[in-house]
Amino acid sequence: MRKTYLDNGSTSFPKAPGLGGVMSDFITNVGCNVGRGGYESAYNLAEVVLETRSLLCELFNFPDERNVVFTPTITYSLNFVIKGLLKPGDHVIMSAMEHNAVARPCIDMEKQGVEVSIAKCDEEGNLDFEDFESLFRPNTKLVVMTHASNVAGTVIDAGRVGEICRQKGVFFALDAAQSAGAIDIDFEALNLSALCITGHKGLLGPQGIGAMLLSEEMVQELDPVICGGTGSASHLLTMPEFMPDKFEAGTLNLPGIVGLHHSLKYVMEKGPSDILRHELALAGKFMEEVKKMPGVRIAGRQNTEGRVGTVSLDFTEFDNADISFRLDSEYGIMTRCGLHCAPLAHKSLNTYPQGTVRFAFGNFNTEEDVDYAVSAIRDIIGLTK
Ligand SMILES: Cc1ncc(COP(=O)(O)O)c(C=O)c1O
């Protein structure tokens, strides 16, 4: 059976060409650590690590390699920012489109006396700016929001959010899990305080490597959530104050960084805007076809404006889980159904509690994949008889 991967919102597949070879070569032929060994291969590896920080700076127009912190994935980046910044009595604002990687750490901080507000979003996933602005309080310390929804693909106007945060003197952290690699993100133009990313989605790298890019003001305010060895200032029983060591305790995921180094080069050579153009062409064609089908509702925006290539469908006459199961078992089409770790987003999109079947088109999908998925859906819901 033909296999068609349409679960790129969860993790991209395939990965950047050659990724497996590069990582395998590192594990087989290099394998050493950085910052802990005084020999040539360790120095060479340190250069690759530094170059990976530089690539991230270049991709996101970020000024300082030292403030690029590697983490195991964006969930950790977001936890490090939310839990390292907020103190009892502080107030944080998130949106009603958040993934649980933002929502859960924010709500968890309520136990520590942090106040949490959720800015409303409409049925398309757009932020309600009037409501958002009304939520600011004298103790508001942080705004943390997802850039592109993992459910409906809707992209928020991060520039406008950043400008409001700048005017109010509040830190702004962006969850770019679904946008990095597909949308041009300019750290400075968006007035970001923290950009949180993961390597395994649009950046086409391996799982297990993420990063947070921190403004100097954020670095000063943020406390490390994880403490441990850094290979530096070992006489101290406290974390070093200098960057990036302040937030990089423990051995880094070096196979992951070597892989990310490789995949970043691929993504940057191709260019996020080209990748997005391709993904939206596929998503647009798919949406036009499914709109013709009775009993199929597209959650969120109905066109390709202001979105990434993720399309969620609600089959009003069928069980969404059954559709997803049949797509896989009968047609080899891999999708994801349910709430996608984002119950708030489904409530905004009016797809709670049933959830949706998510078709997330990626860099390596083709028009044939779209045609095949459309015809499989038509078969399953009985339109071809
Ligand atoms: C918007 C968003 N934020 C955060 C995450 C968490 O990513 P990870 O599991 O790589 O930490 C995801 C994953 O799907 C996501 O879509």
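This is a predicted model: local features need pLDDT of at least 70, side-chain atom pairs count only at pLDDT 80 or more; totals for chains, interfaces and linings use all residues.
1. For Thr 198, the separation between a side-chain N or O atom and an oxygen atom of the ligand is 3.4 Å. The protein covers 88% of the 390 Å² of accessible area that the ligand has on its own.

2. Helix 3. Residues 74-85 form helix 3, whose end C-alpha atoms are 16 Å apart, in agreement with the 16 Å that its 12 residues should span at 1.5 Å a residue. The helix is mostly covered, with 9 of the 12 residues buried. Those buried are Ile 74, Ser 77, Leu 78, Asn 79, Phe 80, Val 81, Ile 82, Gly 84 and Leu 85.

3. Helix 12. This helix comprises 14 residues, 367-380, and reaches 20 Å from its first C-alpha to its last, close to the 20 Å expected. Its buried residues are Asp 369, Val 370, Tyr 372, Ala 373, Val 374, Ala 376, Ile 377 and Ile 380. They pack against helix 9 (272-291) and helix 10 (320-331), and also against strand 1 (4-5), strand 10 (310-315), strand 11 (333-334) and strand 13 (356-360). After helix 12 comes Gly 382, with a positive phi near 85°.

4. Ser 263 and Leu 204. Ser 263 belongs to helix 8 (residues 254-270) and counts as buried, at 0% relative accessibility. Apart from neighbours within four places in sequence, Ser 263 is in contact with Ala 16, Leu 203, Leu 204 and Gly 205. Of these, Leu 204 sits in the loop between strand 7 (194-198) and strand 8 (210-214). Leu 204 is buried at 4% relative accessibility, and its phi is positive, near 60°, although the residue is not glycine.

5. Backbone exceptions. Most residues other than glycine have a negative phi, and most peptide bonds are trans. Cys 341, in the loop between strand 12 (336-338) and helix 11, has a positive phi near 55°. Cys 341 is partly exposed, at 34% relative accessibility. The peptide bond from Phe 13 to Pro 14 is cis, with omega near -5°; Pro 14 lies in the loop between strand 1 and helix 1 (19-30). A further cis peptide bond joins Tyr 352 and Pro 353, with omega about 5°. Pro 353 is located in the loop between helix 11 (343-349) and strand 13.

6. Cysteines. The cut-off applied to the sulfur pair is within 2.5 Å. For Cys 121, the closest cysteine sulfur is that of Cys 106, 14 Å away, and this is too far for a bond. For Cys 165, the closest cysteine sulfur is also in Cys 106, at 13 Å, again too far for a bond. Both residues are buried: Cys 121 has 13% relative accessibility, and Cys 165 has a relative accessible area of 1%. The disulfide count by this rule is 0.

Terms used:
Residues are numbered from 1 along each chain as its sequence is written. Side-chain values use heavy atoms; hydrogens and water are left out. Helices (H or I, at least four residues) and strands (E, at least two) are DSSP runs, numbered from the N terminus. The expected span of a helix is 1.5 Å times one less than its number of residues. Buried means under 20% relative accessible area, exposed over 50%, partly exposed in between (1.4 Å probe, protein chains only). Contact means heavy atoms within 4.5 Å. A polar contact is a pair of N or O atoms within 3.5 Å; within protein, one must be able to donate a hydrogen and the other to accept it, and residues adjacent in sequence count only if both atoms are side-chain atoms. Accessible areas come from the Shrake-Rupley method with a 1.4 Å probe; for residues, only the protein chains shown count as cover.
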